[in-house]
Amino acid sequence: MRIILLGAPGAGKGTISKLLTARNESVHISTGDILRNAVKEQTPLGKKAKQYMDSGDLVPDSLIMGIMEERLQEPDCQKGFIFDGFPRTIPQAEALDEILAKLNIQLDFVANLDVDVDVVLDRLTTRRTCSNPSCQAIYNIKSMPTKVEDICDKCGSPVIQRSDETKEAILNRLETYNIQTTPLVDYYSQKGLLKNIKALSSDDVVNEIMAGL
Ligand code: AMP
């Protein structure tokens, strides 16, 4: 499986990716997770990315493309990949096309998860994430709480609200998405690669993606 998941913040890209990797051998590659790890470990990339992320803005394309060109050449990508949160801009999509052509890799399709803004807002403000960078399990205080309050079921680390999940940062992320990322829907539609998926339950979305392969 070689797919891109498009969809607003909170559309469920992370959750769907994790469910998909449980059903095939593809790797889940989330640029958000890579950047959050870099921030946590205070690497040069993390130091450059933090200010953009905290305010809900996109990190510059030049930083992202370097990471992704390297990531795609790691051996685990040979069995397939699910891109979550990448590409996010037309220049990223164009640069990705060049990298894929160079590496002789073809995308299966681009799944566009379509969710109402109200649903997304509610989901993001109630979302909690495991603070352990190698876990990053996702919970929701309403629909999927941890068994013990604020402690990750999977690894026992504290579960936190991400610093870019304040209401102000969320509204900015949604606006950034509308302006910079929604043009990708037309971009991939013109290439005949787009598959629109009305995001109902996670299982329905996963089944629809698997059926499209
Ligand atoms: P996410 O977890 O995908 O919502 O990403 C969290 C934050 O990381 C975003 O709000 C951006 O600041 C940054 N980010 C993640 N992926 C990208 C990308 N492909 N291009 C630019 N910035 C990104």
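Does Cys 155 count as buried, partly exposed or exposed? At 34% relative accessibility, Cys 155 counts as partly exposed, where buried means under 20% relative accessible area, exposed over 50%, and partly exposed in between (1.4 Å probe, protein chains only).

The structure is a predicted model, in which local features need pLDDT of at least 70 and side-chain atom pairs count only at pLDDT 80 or more, while totals for chains, interfaces and linings use all residues. Residues are numbered from 1 along each chain as its sequence is written, and side-chain values use heavy atoms, with hydrogens and water left out.

**Cysteines**

A search of the whole structure finds 0 disulfides, a disulfide being a pair of cysteine sulfur atoms within 2.5 Å. Cys 155 takes part in no disulfide, and the nearest cysteine sulfur, that of Cys 130, lies 3.5 Å away. Cys 77 counts as buried because its relative accessibility is 4%.

**Overall fold**

The protein contains 9 helices and 8 strands; helices (H or I, at least four residues) and strands (E, at least two) are DSSP runs, numbered from the N terminus. For 213 residues, a compact globule would have a radius of gyration near 17 Å, and the 16 Å of the protein agrees with this. That radius is taken over C-alpha atoms, and the globule rule is 2.2 Å times the number of residues to the power 0.38. Along the principal axes, the C-alpha trace spans about 45 × 40 × 35 Å.

Of the 213 residues, 46% count as buried. The accessible surface comes to about 10800 Å², with 50% of it belonging to carbon and sulfur atoms; accessible areas come from the Shrake-Rupley method with a 1.4 Å probe, and for residues only the protein chains shown count as cover. Contact means heavy atoms within 4.5 Å. Among contacts between residues at least 6 apart in sequence, 71% join residues at least 24 apart.

The protein carries 25 positive and 30 negative side chains, and the centres of the two sets lie 3 Å apart. Lys and Arg count as positive and Asp and Glu as negative, with His and the chain ends not counted. The place of a charge is taken as NZ of Lys, CZ of Arg, CG of Asp or CD of Glu.

Met 1 is placed in the segment before strand S1 (2-6). Met 1 is buried, with a relative accessible area of 12%. Beyond residues up to four places away in sequence, Met 1 touches several others, among them Leu 20, Phe 81, Ile 82, Ile 209 and Leu 213. Asn 24 is also one of the residues touched by Met 1.

Lys 18 belongs to helix H1 (residues 13-23) and, at 31% relative accessibility, counts as partly exposed. Leaving aside neighbours within four places in sequence, Lys 18 is in contact with His 28, Gln 136 and Ile 138. Asn 178 is found in helix H7 (residues 167-181) and counts as partly exposed at 47% relative accessibility.

The following table gives C-alpha separations for these residues.

| Pair | Separation in sequence | C-alpha to C-alpha distance |
|---|---|---|
| Met 1 and Asn 24 | 23 residues | 7.8 Å |
| Lys 18 and Gly 80 | 62 residues | 14 Å |
| Asn 178 and Ala 8 | 170 residues | 8.0 Å |

**Helix H2 and its surroundings**

Which residues of helix H2 (residues 31-40) are buried? They are Thr 31, Gly 32, Asp 33, Leu 35 and Ala 38. The buried residues of H2 pack against strand S2 (27-30), helix H3 (44-55), helix H4 (61-72) and strand S3 (81-84).

**Backbone features**

Most residues other than glycine have a negative phi, and most peptide bonds are trans. Gln 42 sits in the loop between H2 and H3 and counts as exposed at 54% relative accessibility.

Asp 150 likewise has a positive phi, of about 60°, although it is not a glycine. Asp 150 lies in the loop between strand S6 (138-140) and strand S7 (159-160), and counts as partly exposed at 40% relative accessibility.

The peptide bond from Phe 86 to Pro 87 is cis, with omega near -5°. Pro 87 is located in the loop between S3 and helix H5 (90-103).
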